[in-house]
Amino acid sequence: MMGAVVILLSYLLGSVSFSILVVKKIAKIDIREHGSGNAGATNTLRVLGKGPGIAVLLLDAAKGAIAVGLASWLTKGNDWVIVLSGIAAIVGHNWPVFFGFRGGKGVATTIGTLLALTPVPALIAVAVTIVVIAITRYVSLGSLVFFTLIPIILLTQGASFVYIAGTFMIAILGYMRHVGNIKRLLQGTERKLGEKKA
C-alpha cells in the first residue's frame, strides 16, 4: 500500500512543470505556444535564455532525484518501488495532470532520476552526453545517447535485474518522446542548439 502511495506522489511531483511555471511568471506566456512547443529546459533556454533555462533544468532534475530519495526513505529500500517512483516522476513530467497532460520530453527529470538511482553510470553517461552535444550541437542526440548508455553500462556491471529493467523502461520512454527528433535527425532537419527557427 505504501509503495503505491509513494509512486502516486512521485507522479504528482513530476507533474509540477517548472518550465510552464517559470516562463509564465517571467514572460506571462505559455512555453508550449513558443519555440519548439516543448515544456522543458531546452525550449526555455531558446525562448528566455540561459538563466531561466538552467533554473528549469535544475528544478526538473530535482523532481526525479527527490522522488527516488523519498521512495528509498519511505519504503526502506524497496528496489521496485524506488525504480517505479523515478519512472512515475518522469511520466508526470511528460504527461502532467496539472497541465492538461501536455508536458515535456522528460530529459532533465530523467537525468535527476538516474543520478539518484545509479550515480556512477549516470555521471559517465552525462559526461558522454555533454561531449556529444558539444560536438554535434544536437541536444536531442545527446539525450538519446544518455537514455541508451545507462542500461548498457548497468548490464556490463552485472547490476540487479530491477535496475536494468527500470532503466530500459526509462530509455523506451525517452525514445517515445523523441520520435519526431529521431525523424528530423535522420532527415538532417533537426535544429541545433543556438540555431534560430527558420
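Arg184 forms a salt bridge with Glu190, the closest N and O atoms lying 2.8 Å apart, where a salt bridge is a side-chain nitrogen of Lys or Arg within 4 Å of a carboxyl oxygen of Asp or Glu. The structure is a predicted model, in which local features need pLDDT of at least 70 and side-chain atom pairs count only at pLDDT 80 or more, while totals for chains, interfaces and linings use all residues. Residues are numbered from 1 along each chain as its sequence is written, and side-chain values use heavy atoms, with hydrogens and water left out.

Of this pair, Glu190 is buried, with a relative accessible area of 8%, whereas Arg184 is partly exposed at 33%; buried means under 20% relative accessible area, exposed over 50%, and partly exposed in between, with a 1.4 Å probe and protein chains only. By the salt-bridge rule the count comes to four. Another of them joins Asp30 to Arg32, with the closest N and O atoms 3.1 Å apart, and here Arg32 is buried, its relative accessible area being 13%. Glu33 forms a salt bridge with Arg102, at 3.8 Å between the closest N and O atoms. This pair links distant parts of the chain, since Glu33 sits in the loop between α2 (18-27) and α3 and Arg102 in the loop between α5 and α6, 69 residues apart. Glu33 is exposed at 55% relative accessible area, and Arg102 is partly exposed at 40%.

The helices themselves are DSSP runs of H or I with at least four residues, numbered from the N terminus. The buried residues of α8 include Phe146, Phe147, Ile150 and Pro151, and what covers the buried residues of α8 includes α3 (41-48), α6, α7 (119-136), α9 and α10 (179-187), contact meaning heavy atoms within 4.5 Å. Just after α8, Gly158 takes a positive phi of about 70 degrees.

Helix α9 (residues 161-177) has 17 residues, which should span 24 Å, in agreement with the 24 Å between its end C-alpha atoms. Among its buried residues are Tyr163, Ile164, Ile170 and Leu173, and the buried residues of α9 pack against α5 (79-94), α6 (107-117) and α8 (139-157).

Definitions and conventions. Helix = DSSP H or I, 4+ residues; strand = E, 2+ residues; numbered from the N terminus. Expected span 1.5 Å × (residues − 1).
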